[in-house]
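Dear colleague,

Please find below the structure that I am handing over to you. My findings follow it, arranged by topic.

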Amino acid sequence: MSFVIGVDAGGTSTRAIAVDAAGTVLGTGRSGGANPNSHSPSIAVAHLAEAIEGCLSGLNVQEANACVVGMAGSSKLTDPAVAELFDATWQRLGLGEVQVRTDPEVAFASATSAPDGTVLVAGTGSIAGRIRKRRLVATAGGYGWLLGDEGSAFWLGREAVRATLDALAARRELGELARSVLAEAAVETDDPLLAWQQLITVANAEAPIRLARFAPLVSTAADAGPILDRAADLLAGLAREAREPGEDTPVVLVGSVLAGPVGERVRAKLAGLDVLTSTDGVLGAAWLAAVEAYGEGAVRPAPPARVP
């Protein structure tokens, strides 16, 4: 029985599935994060191997026709030493040639069979990409928390903390968002000056990216509308920047931020375009592998009852 393998290797988890030519999922595997930028390459390849071996349980790897790995941090493989480590892992697993694709590419493929379009990603960070022939050929944003990540969870969390500090500094009555930010930061004093000082201390005591933990508060606070609107403006702007004039291809939304009220606003700002939502990156990777093995008519994988 011939089959293909799709892998979604993220920063916190790695999932792999084996799919036959009819689109049926034959096996699944899971492990820890395999982003070689946020984990050591040796840990990343170990997690990849564990997930792939899990999905191959009971299957003959010699019957695998193609394998596509969608990987956050795939740029790390431009380091020859890291690439050699990954290549050795593919060989040990008996996979032969493996295609490593960017996570925006597999996310786009999970939502549409179209070869061209735009992918907009907004999770902890943010980036928009132009897809041509299912490859990422241009980007907008994606510079990280220090230089960009507009509209991302980091950005939302930072704006929530800044708005709270502004309210405390001006001695304004605190709204729902400010109160929830102070509670999340474990700032319990009623003294505005002391609360201002403590919140600054808490925010600066952690890694900057930890500001993303305040993002969910923005999505639920009744008075956070202006921040949500601004985030949607920025993200829709990234998507438009990644597109060519007059382009009518699909726009695929990816990431936790776009699953909530920011996503609703982005959809409204992109009205008139075919806006889709990424379903599951691992299914996109498997379909790209199927196209590689069986051609453009390849059946899209049907998700099992639960992809791990």
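With a relative accessibility of 11%, R134 counts as buried, because the limit for a buried residue is a value under 20%. Please bear in mind throughout that the model is predicted. R134 sits in the loop that joins β7 (126-132) to β8 (135-141). Its phi angle is near 65 degrees, a positive value in a residue that is not glycine.

R134 is also one of the contacts of V291, which touches R134, E296 and A298 when residues up to four places away in sequence are not counted. V291 belongs to helix α10 and is buried, its relative accessible area being 15%. Along the chain, V291 and A21 are 270 residues apart, while their C-alpha atoms are separated by 9.9 Å.

A positive phi is found at R171 as well, with a value of about 60 degrees, although R171 is not a glycine. R171 is placed in the loop between α4 and α5.

**Helix pairs**

Two packed helices are described by the angle between their axes and the distance between the axes.

Helix α3 covers residues 103-111 and helix α10 residues 281-294; their axes come within 7 Å and cross at roughly 85 degrees. The two helices are therefore roughly perpendicular to each other. On the α3 side the contact involves E105, V106, A109 and S110, and on the α10 side G281, G284, A285, W287 and L288. By class, the residues of this contact of α3 with α10 are five nonpolar, three polar and one charged.

The pair α1 and α2 has another arrangement. The axes of α1 (residues 41-55) and α2 (residues 80-93) come within 10 Å, with a crossing angle of roughly 25 degrees. α1 and α2 are therefore roughly parallel to each other, and their crossing is right-handed. From α1 the contact draws on P41, S42, A44, V45, L48, A49, I52 and E53, and from α2 on V82, L85, F86, T89, W90, R92 and L93. The contact of α1 with α2 comprises 11 nonpolar, two polar and two charged residues.

In the pair α4 and α8, the helices span residues 153-169 and residues 225-241 respectively, and their axes come within 11 Å and cross at roughly 145 degrees. The crossing in which α4 passes α8 is right-handed. W155, L156, E159, A160 and A163 of α4 meet I227, R230, A231 and L234 of α8. Seven nonpolar and two charged residues make up the contact of α4 with α8, with no polar residue.

L199 lies in helix α6 and is buried, with a relative accessible area of 0%. Apart from its neighbours within four places in sequence, L199 is in contact with V161, T164, L165, V181, L182, A185 and V187.

D191 is found in the loop between α5 (176-184) and α6 (192-205). Is D191 buried or partly exposed? Its relative accessibility is 39%, so D191 counts as partly exposed. D191 and A153 are 38 residues apart along the chain, and 29 Å separates their C-alpha atoms.

**Cysteines**

How many disulfides does the model contain? The count comes to zero. A disulfide is a covalent bond between the sulfur atoms of two cysteines. The cut-off applied here asks for a pair of cysteine sulfur atoms within 2.5 Å. For C55, the closest cysteine sulfur is that of C67, and the distance of 7.7 Å is too far for a bond. C67 is likewise in no disulfide, the nearest cysteine sulfur being that of C55. As for accessibility, C55 counts as buried at 0%, and C67 counts as buried at 3%.

With kind regards

Conventions
Residues are numbered from 1 along each chain as its sequence is written. This is a predicted model: local features need pLDDT of at least 70, side-chain atom pairs count only at pLDDT 80 or more; totals for chains, interfaces and linings use all residues. Side-chain values use heavy atoms; hydrogens and water are left out. Buried means under 20% relative accessible area, exposed over 50%, partly exposed in between (1.4 Å probe, protein chains only). Axes are lines fitted to C-alpha atoms, for helices over the stretch in contact, and angles run from 0 to 180 degrees between N-to-C directions. Helices (H or I, at least four residues) and strands (E, at least two) are DSSP runs, numbered from the N terminus. Angles under 35 degrees count as roughly parallel, over 145 as roughly antiparallel, 65 to 115 as roughly perpendicular and the rest as oblique. Contact means heavy atoms within 4.5 Å. Ala, Val, Leu, Ile, Met, Phe, Trp, Tyr, Cys and Pro count as nonpolar, Asp, Glu, Lys and Arg as charged, and the others, Gly among them, as polar. A crossing is left-handed if the near helix is turned anticlockwise from the far one by less than a right angle, and right-handed if clockwise.
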